[in-house]
Protein chains: 2
Amino acid sequence: MGLNISRIAIIGMGLIGGSLGLAIKAAREEKTEVTGIDTNELTLVKARQRGAADIITADLAEGVAQADMIFLCTPVLQVVPLVKKIAPCLKQGAILTDTGSTKSYLLEQISSLLPEYVHYVPGHPMAGREKSGIEAADVNLFHNKWYILTPPADVNRVATDAVRQVIGWTGAQITVMDAVKHDWCTALISHVPHIGAAALVNLLAYSEDQDSSIKLAGGGFRDTTRIASSNADMWADICMTNAGPIADGLDKFNQLISEVAAAIRQNDRRTVHNFFSTAKERRDELLQLEQAVTGQPMSNGR
Amino acid sequence: MGLNISRIAIIGMGLIGGSLGLAIKAAREEKTEVTGIDTNELTLVKARQRGAADIITADLAEGVAQADMIFLCTPVLQVVPLVKKIAPCLKQGAILTDTGSTKSYLLEQISSLLPEYVHYVPGHPMAGREKSGIEAADVNLFHNKWYILTPPADVNRVATDAVRQVIGWTGAQITVMDAVKHDWCTALISHVPHIGAAALVNLLAYSEDQDSSIKLAGGGFRDTTRIASSNADMWADICMTNAGPIADGLDKFNQLISEVAAAIRQNDRRTVHNFFSTAKERRDELLQLEQAVTGQPMSNGR
């Protein structure tokens, strides 16, 4: 039996918020009303033009007052200040969720800010693009992608089920995870690789000859550093809100790099070969395991 | 006026050697005879079947005896032992070239092994694939790719021109570079990124939960680590023959990672943001500059 979620407010009508609006409206048509909230008027107009929201407003209090469920789809560091503003305006039984990339920080901060009669169910859709903004919003952005929920142990189960139901309308695959585990795993598989890619680009500052470097780049460099072209604001926020796991992950990464550098200096071909062959085996294994887990190649979030 | 290169021997009929043979035969038909040399009989049979060689042999001395030009297309560490074997068999005025990814090491080692009447012109085609072997050989592998030559200052100019002429038959864009500069630039733009990608995969050994990591991977991880699935033997050889620039590059890379880790721990958002925005700007600039230099996107070696 479905819960009756007839009014949804989305704060932040960019790529994620806009795509959520499009997907919910496509699935529900008149059965669920979507209010799009943003500080940018042009974004709001485009959101309504594209059909990602029925009602648009720049007024937070007005926008959330009647909502059964509120999605916070802003950069991570804007989430907590926004929750402080909207907390007094939310109605009894309202369900709050967000789409931030880091979860423990938000869970700690937000839980204490909300009245008892509002339920918070943190979320993280594994769907991104290099492009951002309402223009890049896509009704199928979440389709068949993982959408992680990290509800705290004491959360209202009906609230979690309601979030599952709404996320289900987007076609995403829902999975539940502990927030701390989420942050550790994400640091290793996403945040550290991101920083590594950016560092590889910045390393070229040491090259005396950019023209020669470009001729020597081949295709590998473009792929390896693709994610270094992402939004700097978003990534700075991620680093600030998942500092412990990321910094520890970077230390371990440095350790691996130091070990292989030492082996190279010592002309220790066996260790160096083992380093490469282990990576090749592990990556091939991961790709296989991923296909088994998701039925899709790992590139689905591209 | 073209030089008369009527007999070419290719040692190592894998992806690179096989593709060279295909391209030379396609351009020259009966005007240049190609001898394919390999220790693997099946590779040789396939090379002839595919039209990458007119004559095939596993006998080095016989294969190179009549050649005007000899291409060494084996893994880097096999090049020097092979040169020792063939040096006494080469005819007066023969031109030797190779396709190894590191150049200073080969230049130092090989120059002293050759008789005065043999000319060595080191080369490095910027064309690779994840697949290897004669099956992956492609007549267009070098077409519009950079092909670097690193001739020593005292090399016979006629010999360099002859190598340019033959490489020209493959449709590659030829450029000349100092061997030491080649090795430094390649370390920064190719070798260090390769090791970084492999280290990012190996880092996942620290993850307690592989299933969760996979769900959280998104598309970035696959791209960033794609080159970690390359041939471990080839990369171990590259590290052994370009140890200095690679190890120094890794040290600098580690330094960049340490600095950003420290900024993250200190909650220094400005430094972290600057790290990401510099990388984004530099990468976008590189891609633009690359299009200007080559008229092609950086992914052409994919």
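**Figure 1. The loop that holds B:Glu29 in the predicted model.** B:Glu29 lies between helix 1 (15–28) and strand 2 (33–37) of chain B, in the loop that joins them. Helices (H or I, at least four residues) and strands (E, at least two) are DSSP runs, numbered from the N terminus. Although B:Glu29 is not a glycine, its phi is positive, at about 50 degrees. Most residues other than glycine have a negative phi. B:Glu29 is exposed, because its relative accessible area is 52%; buried means under 20% relative accessible area, exposed over 50%, and partly exposed in between (1.4 Å probe, protein chains only). This is a predicted model, in which local features need pLDDT of at least 70, side-chain atom pairs count only at pLDDT 80 or more, and totals for chains, interfaces and linings use all residues. Residues are numbered from 1 along each chain as its sequence is written, chains are lettered from A and ligands numbered from 1 in the order in which they are written, and side-chain values use heavy atoms, with hydrogens and water left out.

**Figure 2. The open sheet of chain A.** In chain A, 8 strands form an open sheet with mixed pairing, in the order 3-2-1-4-5-6-7-8. Its edge strands, strand 3 (55–57) and strand 8 (173–176) of chain A, each pair on one side only. From one strand to the next, the twist averages 25 degrees. Two strands pair if DSSP finds at least two bridges between them. Strand 1 (residues 7–11) and strand 4 (residues 69–72) of chain A pair in the parallel sense, over 4 bridges. A:Ile8 has A:Met69, in strand 4 of chain A, as its bridge partner.

**Figure 3. Helices beside the sheet of chain A.** Helix 4 (residues 76–86) of chain A packs on the sheet and touches strand 1, strand 4 and strand 5 (95–98) of chain A; contact means heavy atoms within 4.5 Å. The direction of helix 4 makes about 150 degrees with that of strand 4 of chain A. Axes are lines fitted to C-alpha atoms, for helices over the stretch in contact, and angles run from 0 to 180 degrees between N-to-C directions. Helix 5 (residues 104–111) of chain A lies across strand 5 and strand 6 (119–125) of chain A, and runs at about 160 degrees to strand 6.

**Figure 4. The relation between chain A and chain B.** Chain A is superposed on chain B by a rotation of 180 degrees with 0.0 Å of shift along its axis (RMSD 0.0 Å). This is the relation of a two-fold axis. The C-alpha of A:Thr224 is the one nearest the axis in chain A, 2.0 Å from it. Copies are superposed by least squares on the C-alpha atoms of residues with pLDDT of at least 70 in both.

Figure 5. A:Arg226 lies in the loop between helix 9 (218–224) and helix 10 (232–241) of chain A. A:Arg226 counts as buried because its relative accessibility is 10%. Its side chain makes a polar contact (2.5 Å) with the side chain of B:Asp223. A polar contact is a pair of N or O atoms within 3.5 Å; within protein, one must be able to donate a hydrogen and the other to accept it, and residues adjacent in sequence count only if both atoms are side-chain atoms. B:Asp251 is found in helix 11 of chain B and touches A:Ala261 and A:Arg265, not counting residues up to four places away in sequence.
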